Amino acid sequence: MKGISLSSVIQVINLERQSCDIEARADGQSGRLHFRGGLLVDAMADDLAGEDAAYEILAWDHPEFQVNTEDSPRERTIDADLTQMLLETARRQDEEKAGIVREAGGDAGASGTAVDAADAASLDDLAVFEGPETAESPAVPPAPPVLGLAPEPVSGSAPAAKEPADARGSASTAGAAFAGPGPATAPAVKAAPAGAGPTAAPGAGRGGTLNVAGLKRVLQIAQDGLDDALVSADVFSTADGTSYVGFNSQPASCALLNQISERMALSFARGGLPPLGRYYMAELADSRILLVAPCGGVQLSLVVDSTRAQLGLILNVILPDVLAALEEVSPR
Amino acid sequence: MMIFVASGLEGSTLCFRKFLKAIDSYGADAAVLLGDLTGRKVVSVTKKGPSSWEVPIDGKVHAIDSSAALAEVTASLADHGDYWIEQTPEEFEHTRNNPTLVDIYFKSLVRDRLEEWLTLADERLGNGGPPVFVAPGCGDWEVIDDLFEHGGRMAPCDDRIVEVDGYQLVTSSSSGPTEWDLAREMDDRDLHKKLLDLCSGVSDPDYAIFNLQADSRAAQRIVKRFQPLVRTMNTTQGGSGGASKRGRTIELSPRSALVEDAAPTLFGILMMLENGEVKDYHFTEA
């Protein structure tokens, strides 16, 4: 089972005063936590038992686990407060991380600079060692200007036209969704503007002026140049990955690509590489090419069908025109 | 002073990101995020093989054949307020037939999502900037409450009075009886007593903003008695929101976020307050 954290499950069991067992596994180890009325009463992990076993299991990184709600009475071997144990585990993990980072800095020699623990945590599995700082070392690029959202006054309280809920939300009909809290009635939703065609973007705000017409022109140039080779296109915010304008808009991709661009910029900076140029490209399955061009506070993403347009034409003729238009709207 | 209020994100990570961004974009002096904060559905992602999964969306089962595609689908689920859990078919069957287990997993996912949001808020809002408050709604399980009490950038404001630039924000997530048997429902008489105790701490109603749950007799009586400058109400999913006047109190309801739309939309209210008066207000959409 994945997608859920052991610590949250433990805290819910505690708060809801449940009696159950958790079987956990990680890196070839296995263990079991026993709860009675929400209290952690016993634990076992390989050759450990009681509190030591509990700390061992709580320290495992992303363990797989299964909760069994059958009541299996146990003798109480743990008296420690569960919240305190979780806090203590978090403290130990922080210390361990900081220690690893310090060690990495020390091994690198006198010119090495250790990254602090918070920084390392934010980089996750990226490199945690920063090379010697020289005049040539690229600095982490400054954050791009944030484009504003516009407060859009609505006269009075007239609601937008709504249509009854569509099929979304009916996953239970496929037999694989659990009912949630709150009203059981299907919520009303606005008619979804799915499908092709440019979609409207938020307007201008205090943080800057968003030239929606200019962004639409960028997409138009891409559409004109690529014709039916253009599968989808979006111009999205670097601040939060929200799509401002799109053709066959892919909002989820925008959010994810935004993260990739951010990580890429960090990785290049940390790795001592020059910063990203005007765009990056990926070959996707099914003869698709992905092009992403960060530019100022926005990023352009294009998905192109490579069977319908020559790569040379895309890179040397169409893309320069599109990027020139984008840079006009959102200067680097 | 300009206060931005949004409500009813219903678990949508995209709407939460929009909320964080809107604070800066609107130049708000303070922001308040009201419930319901949590979504209503867990989608079981069934693992069929080393790199294959099945995900039920819109009543259809979609086959997923790469980790990248799965990441995209699960990100989309989160953006629309749904939770997801990856299970083997056996684990799914085991869970489905055990209401206690469903309850534990659902609440754990809700906590995980909120922890993720609060971490994001700490990163995005930084140390300076306007104060940002958060309170659950009457449909939010109480297992999330302790998450707001850890000194993060988003400060809790439920069941208390907080001061912002000379104004007092009074917030309660409790509601009167509803047809939905919500997590924080109370008997109307008990609710009135609770709100009366809470609002008794207000020093000047001209400088008070009441964030109370959608209409109940108790809330109406409290508003009538205290006549605060503003009362905000949250609306149920898809609710239209609006503005009205009760005595000298302006009552404002932001529309709840339309998290189930193709592009989830965040609605809010931007209030301009000056010298104990509402100079202006705007309904916002992002």
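**Notebook: chain A, overview and one helix pair**

I began with the secondary structure of chain A, which comes to seven helices and 13 strands, and I noted at the outset that this is a predicted model. For the chain as a whole I looked up burial, and found that 32% of the 332 residues count as buried. I then turned to the contacts between residues at least 6 apart in sequence, of which 57% join residues at least 24 apart.

Next I checked confidence. The mean pLDDT of chain A is 71, with 67% of its residues reaching 70 or more. Going element by element, I found the highest mean, 95, in helix α1 (residues 6–15) of chain A, and the lowest, 28, in strand β7 (residues 129–130) of chain A. I marked residues 106–176 of chain A, where the pLDDT is below 50 although the stretch has 137 contacts in the model beyond near neighbours in sequence. I also marked residues 179–208 of chain A, again below 50, with 89 such contacts.

Last, I looked at helix α5 (residues 212–226) of chain A and helix α7 (residues 311–329) of chain A, whose axes come within 9 Å and cross at roughly 175°. Among the residues making the contact I listed Leu215(A), Val218(A) and Ile221(A) from α5(A), and Ile318(A), Val322(A) and Leu326(A) from α7(A). By class, I recorded ten nonpolar, two polar and three charged residues in the contact of α5(A) with α7(A).

Definitions and conventions: Residues are numbered from 1 along each chain as its sequence is written. Chains are lettered from A and ligands numbered from 1 in the order in which they are written. This is a predicted model: local features need pLDDT of at least 70, side-chain atom pairs count only at pLDDT 80 or more; totals for chains, interfaces and linings use all residues. Axes are lines fitted to C-alpha atoms, for helices over the stretch in contact, and angles run from 0 to 180 degrees between N-to-C directions. Helices (H or I, at least four residues) and strands (E, at least two) are DSSP runs, numbered from the N terminus. Two residues are in contact if their C-beta atoms, placed from the backbone, lie within 7 Å. Ala, Val, Leu, Ile, Met, Phe, Trp, Tyr, Cys and Pro count as nonpolar, Asp, Glu, Lys and Arg as charged, and the others, Gly among them, as polar. A residue is buried if 20 or more other C-beta atoms lie within 10 Å of its own, exposed if 12 or fewer, and partly exposed in between; C-beta atoms are placed from the backbone. pLDDT is the predictor's confidence in each residue, from 0 to 100.
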